[in-house]
Amino acid sequence: MSLLSDVLQSAIYGRLSTDVDLAAIVADHIYDAVPAGPLPDLYVLLGEEAVKDASDQSGAGAVHDVLIAVMSTSDSFLTLKEAAAAIWAALDRSELLLSEGRVVGVSFRSSTAKRSISGQPKIDPKFRVRVEA
């Protein structure tokens with residue numbers, strides 16, 4: 001991970017957990033780890049991340065490919081797609097502010113809609129975030 005991985009995850013969590021449009025769909029069910037006990041019908045899970053060095057002559061930097069899973073215990077993909085679109089809009093709406101360093105850019109990379117091993121729908125939108133220390 002890069003020097004700013006934790007800071008970036010905090011900024012993404014902060015953005016998503018305060019986004020009104022996303023909250024209208026998933027309420028406050030945004031996690032960075034699967035919670036203990038029964039799961040809500042619909043939730044967002046900050047997930048996997050791949051990081052590559054992007055340092056140059058101007059200083060340290062990294063490119064983060066971040067997966068933000070939208071998961072459900074129901075059988076329909078429609079609400080998951082709405083939540084995934086709200087996540088994209090929230091991350092695209094304005095600059096992510098970090099407590100240190102800065103975000104150079106955020107871009108949508110891809111998304112996969114599939115069923116988990118247990119048959120429940122899941123959507124995995126991936127975003128690329130370029131940061132500088």
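1. The 5 strands here make an open sheet of mixed pairing, ordered S1-S2-S3-S5-S4. Strand S1 (30–31) and strand S4 (102–115) stand at the edges with a single partner strand each, so one side of each has no neighbour in the sheet. Strands (E, at least two residues) and helices (H or I, at least four) are DSSP runs numbered from the N terminus, and two strands pair if DSSP finds at least two bridges between them.

2. A word on the source: this is a predicted model, where local features need pLDDT of at least 70, side-chain atom pairs count only at pLDDT 80 or more, and totals for chains, interfaces and linings use all residues. Residues are numbered from 1 along each chain as its sequence is written, and side-chain values use heavy atoms, leaving out hydrogens and water.

3. Have a look at S3 (residues 61–72) and S5 (residues 121–132): they run antiparallel and are joined by 9 bridges. Histidine 64 is placed opposite valine 129 in S5.

4. Now the helices. H1 (residues 5–17) lies across S1, S2 (42–53), S3, S4 and S5, at about 150° to S2. H3 (residues 78–93) lies across S2, S3, S4 and S5, at about 10° to S5. These angles run from 0 to 180 degrees between N-to-C directions, with axes fitted to C-alpha atoms, for helices over the stretch in contact.

5. Finally, alanine 54 sits in the loop between S2 and S3. Leaving aside residues up to four places away in sequence, alanine 54 touches Gly61, Ala62, Val63 and Arg130, with contact meaning heavy atoms within 4.5 Å.
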